[in-house]
Structures are given as C-alpha cells and as structure tokens.
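User: Could you take a close look at the place where the ligand sits in this model? I would like to know what surrounds it and how the protein holds on to it.

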Amino acid sequence: MCGIFGYIGEKEAVPFILEGLKKLEYRGYDSAGISTLDQGKLFLSKRAGKIADLEKQLKKKPIGGDIGIGHTRWATHGRPSHANSHPHEDCQGKIVVVHNGIIENFLELRRELSEKGHKFISATDTEVLAHLIEENFSLPAGPLRREASRQGGDLHKAVTKALKFVRGSYALAVISEHEPKKIIIARNGSPLIVGFGAKECFLSSDIPALLKYVNMIIKLENDETGIITPNKLKIFNSEGKLIKRKRELISWDPESAEKDGYSHFMLKEIHEQPNAIRKSIEGRIFAESHKIHFDELNLSDEEMRNINRVVFTACGTSWHAGLVGEYWFEQFAKIPTEVEYAAEFRYRHPIIDENTLVIAITQSGETADTLGAVWEAKAQNAKVISICNVVGSSIARESHGVVYTDAGPEIGVASTKAFTTQLVIVYLLAILFGKRKGKISDHDATKLINDLIELPTKIEQALYQEKAIEKVAEKFYKATNALYLGRGKGFPIALEGALKLKEVSYIHAEGYPAAEMKHGPIALIDKNMPVVVIALAGRRYEKILGNIEEVKARGGVVICIATEGDFSLAESADEVISIPKSSEALSPILAVVPLQLLAYYIALKRGCHVDQPRNLAKSVTVE
Ligand code: AGP
C-alpha cells in the first residue's frame, strides 16, 4: 500500500527516486510525487497517474538536488488527484512528508490543527503529519540549538513529538528546508528499509527496489525513528534513545527482481515456479531418511504432538493456500483443521488455546489483517507459526516460529510463485505433523516426499501447454463472467483460478465447489459464460464428469483442466488443457499453473495492466 523511495548522497536524487518508485509501483500506482532539496530549497513535483506520467512532467519541468523523497500512492483517503498526491507540505511549504499507512485519528488531529490556524488542501490523512510536525517544530537559538542538533536536531524531535499524537500505522519520510541535509524517517506497522552505498543512502518500502544499488541494509523497526545522512543512519527508539543496529547483507540476486526478458513479472513468476519450489524444499527434505526439517519452526516434538487443532489464517490467495492445507493436515496428520479469513479471525474472539497451532500464511509478511490475527492468536496463548516469503517481515518476527518460502521477490501483484511455494511448505508441514503424531508411516512419508521431489519437473511439463492456453484465451477473452468449479482440493484451486482471472482481467469470476453449482450458480449458465472445471483423475473424477454434463446440458461452454492421457473428456468439454499425472495429493499445485496462464493471457488480450491491476496493491498494510 503505497511505496516510498528516497536518496541522499552526492548525485542527483531524482533519477534514483524515479527508478526506485517504478520498482515500487506494484504497491500503489494512482498518483506519484517527488520532493527534493536543492541548495537548501525545497522543490516538489507530483500528480495523479502513473510514475511514467510523473516522469514526463519532470522532463518538462525538472527538479534537482542530492536529497529527495518520493511516493507512489494507493488511495485510501481522498481520490487520486494532484492535491491528494504525496509529498504533502506544511503551511509554509518548508516541511514535506511522504507516508505509507493510515492515520486513524486524522479527523480529530485535523480539526485541532485547523483550530490552531493550519490550512489543509488535501483530503488525505497524511497531510496532518506535515502540519503536526510543523506545529511541533521550533528552532531554539544559541547553545540550545547545538544541543538540539546533537540529539538529532529539531526536525527529528518535531517528528518524534508529532508521532506521540498519532494513532495508526505509518512508514514516513520527511525532509525540510529547516535542516536540509538529512531525511527523517519513522515506522510503525509499515515497512521501511535503508540501504547503504558509498557516501550515499537509499530509503525504500521494500528490498527489491534497493538491490540495484546496495546489498547492505537496515530495517527500521516499529516505533523507531531515524535520521539519514549520506554516510549514516541514526536510529532512535520512541523515547528518543539512540539504538545500535548492525547492517544486514542481502543475498537476493538483483537479476531475479527484474523481468529477465519476459513481458511481465506475472509471466516471469509463473515460469519461475519450478525453481522456486526446488529452492523452497532444498535442505529441508531428506527422502531416504524420510525427514523434514525447518530451522526456525521453533516447536519441540512434544509441542507438535500436543497440537490438537490447526487454524490457518490468511487473506486472498494465501487464504486459498490454507484451504488446500486443511485437506492435507486432516489427511496426513489427522488434526482437525479450520481456515479463517484473517480479518474475521482477529475480531471474533476465537476459541483457541495453547494446543492450537495457528498458521499464518502471507507472501509479504506485512498484511495488516494477518498481522492482527497473529496478535490475537498469541493473546489467546495459541502457538503461532507463519509461512512468509519475506525474511524478517513483521509477521515472521511476530510469530513464535516461521518457515520461509524461498520464492524470491514476487513483483506481479497477482500472486503466483508465492502461492505454489506456500502450498509446498504447507504440504511438508502436514507430513511433519503426521509423523510426529504417529499418524503417518515412514514408508508413506518417504513416498509423499518423493512425489514432491518430482513436482518441479512436472510443473515444467505443465508450462509446455502455454501456447495451447494462449489459444484458449483468444477464444474467451471477451467473456464478461466466468465460473470455476472443482471438488476436494480442486475447490480451492477453482477459487484461486477465479481470483486470478478477476484480479488481472477484470472479468467477473466465481469459484464454487462443483456440487454447489446446482444450488444456485447453474442459473447463470449460457453459451457466453465459460465454465472452467478442474477435472483431474482421482476419487472425485466421476462426480465431476456429472457436473460437466450438467453444464453442457444447459448449453454451457466447458474448459477442462484434465490429467494427461484423459481422452474421454475431449468428447464432453469444449477445451481441454492437460497437466501431467501426479499424486492426487499434489495435483492442486499442478492444476493452478494453467489457470494462472489462462488469466494472464486473457488479461493480456484485453489490454489490461497485468502486473499492476487497477485498484490493487501488492502488500495490503491497511485493514
Ligand atoms: C493475490 O493475487 C492477491 N494479490 C492477494 O489476494 C494477496 O494474496 C493477499 O493480499 C494476501 O497477501 P499476503 O500473502 O502478502 O499476505
């Protein structure tokens, strides 16, 4: 939700900031802006629209300076417009602020500040920060001034004081003509990372945007503020006490954060799935000794044995991973399992205890509702582990234990490789618990692990269908509605297929358990609505054939995801996309791949902005 990028050093700031904002555009892209300090004077350029529009504006009317902060916005308060774009200024235009998050008490603050004479020009919550800092800023004279600057300066003090009045979440960066050689930053809830170069520092909402320039970083923690100068970052706790923190080395390969020749990140990330899965299981499974090991799980064998209930909690695609996990945990570990939307779980006083394992699934590790669910689970004494793709993210740190997916940075807003790697980790956790609880034999565990080892190659084979899928997309891209049906573990995959399609192509799509179709959605079926059916070999195959007949009997159009070698489906279905044979347990991971490609090609043919679908943000850090 919104991206922040900043630069301070000896070079021109704007090119770095524009480049950084482009990388952060997935976090929000309805307006953008940059402010710089040039020879001690503030300059500002902002507008509604994409970063490319801002870039054009800056070409016509450049702003210079070797210090600057920029912002790409995902609107929460106030529609996308020039006035609502960040950076926001104080009354005198001497302090500017960029912010990611939500100031919950902004109306109250705005009223109080207005009464004191502050003039507001936007509808945003962020603008109160600029005025609140202005209100708390005072430049003492003489020796006091020296002392103030030793403590971090008045601007830093003003930010710290201002934040005492603020309720909500924020990552913010502030620059000012009052103290033109520094960037002040603060964090509570939304990520902020500082990267260190030679006599220059960068500031970003995520790590991939920094990788081109630096590999040494420091993450600001909640309730901390900081002062960035070209050579240094000083960090302070909420009491204003200086904190020491070591720089971390980031081992992500910068190349992997780029498009690598693919036309979109989504397509690249779909193709990266075999390797992402290989990396995610490497060093964690030992087929011969049927062992599974996760370094940071933080659960003893006894604690695992005592778990008598599992609750998955997550949002969106990650929630779908939990739905598949429910089948695996009940099948392999025989533990009663539920799956909860994080936003619902956190507020409904769930009945859980120390023998409940809450598994939070999240690609970003920053999703506000999932974080809230983790807090709630901890408050009720449950054991909490998270499955995250971002090392050191808020949710990873808040959980008792964590298993990282090793998918690498996922840039496309529509989650693909993060989903399949989440599934792989959930599958392994279910086997691990099955073993600890004595519900699964070593022989069966070895078989399940061996099946998983073969999975990446099978996904590579599934990707061979890309051209065929593109042709199917050609036939259906003008549809306005679509239905996705599946049974068993195919049902969450139907939900995920439908979510992918609606996210990137804006076609209205619904996922349903196939048997539920005749309890309502069947009324929608006609020749214009494609019905995508996950019809894989296995226990429920005959039942799903019955559902396909029901659709065909009503003149519907059926696209089947089928198991390779199933020729009988060709007679009833209009289109058949085959995936390689696999174990029934792992079939959902294979089945989702063609659905990702189908959504991608349909969106492409509709001319949609695949990597940055309208209204969406990659990381939803507001409730
Ligand atoms: C997936 O395509 C979506 N962009 C979205 O549903 C996402 O999965 C959800 O917001 C949860 O994000 P997280 O995994 O980072 O917590």
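Analyst: Sorted by class, the shell around the ligand is made up of 8 polar, 3 nonpolar and 2 charged residues. Please keep in mind that this is a predicted model. In total, 13 residues surround the ligand, and the closest of them are S318, T362, Q363, S364 and T367.

Where in the fold do these residues come from? Two helices, α10 (316–333) and α17 (490–505), each give at least two residues to the shell. The largest share belongs to α10, with 3 residues.

A polar side-chain atom of T362 is 2.7 Å away from an oxygen atom of the ligand. The backbone takes part as well: a polar backbone atom of T317 lies 3.1 Å from a ligand oxygen. On the nitrogen side, a nitrogen atom of the ligand has a backbone N or O atom of V413 at 2.9 Å. How much of the ligand does the protein cover? On its own the ligand has 410 Å² of accessible area, and the protein covers 91% of that. As for the site itself, the ligand sits in the second largest pocket.

Let me start with S205, which is in the loop between β10 (201–204) and β11 (216–219). Is this serine buried or exposed? S205 has a relative accessible area of 2%, and because the cut-off for buried is under 20%, S205 counts as buried. The side chain of S205 also reaches the backbone nitrogen of I4, at a distance of 2.7 Å.

Then there are some points about the backbone in loops. H86 and P87 are joined by a cis peptide bond, with omega at about -5°; P87 belongs to the loop between β4 (67–73) and β5 (88–89). Q39 is not a glycine, yet its phi is positive, near 50°. You will find Q39 in the loop between β2 (31–38) and β3 (41–48). With a relative accessibility of 78%, Q39 is exposed, because the cut-off for that class is over 50%. K199 is another residue other than glycine with a positive phi, here about 55°, and K199 is placed in the loop between β9 (193–196) and β10.

Methods:
Residues numbered from 1 in each chain as written. Predicted model: local features only at pLDDT ≥ 70, side-chain atom pairs only at ≥ 80, totals over all residues. Heavy atoms only, no water. Near = heavy atom within 4 Å. Polar contact = N/O pair within 3.5 Å; in protein donor to acceptor, adjacent residues only side chain to side chain. Areas by Shrake-Rupley, 256 points an atom, 1.4 Å probe, with all protein chains shown as cover. 1 Å grid on protein atoms, 1.4 Å probe; cavity = no way out; pocket = protein on both sides within 12 Å on 5 of 7 lines; lining within 4 Å. Sits in = over half its atoms within 2 Å of the grid points. Helix = DSSP H or I, 4+ residues; strand = E, 2+ residues; numbered from the N terminus. Nonpolar A, V, L, I, M, F, W, Y, C, P; charged D, E, K, R; others polar. Buried < 20%, exposed > 50% of the residue type's maximum accessible area, 1.4 Å probe, protein only.
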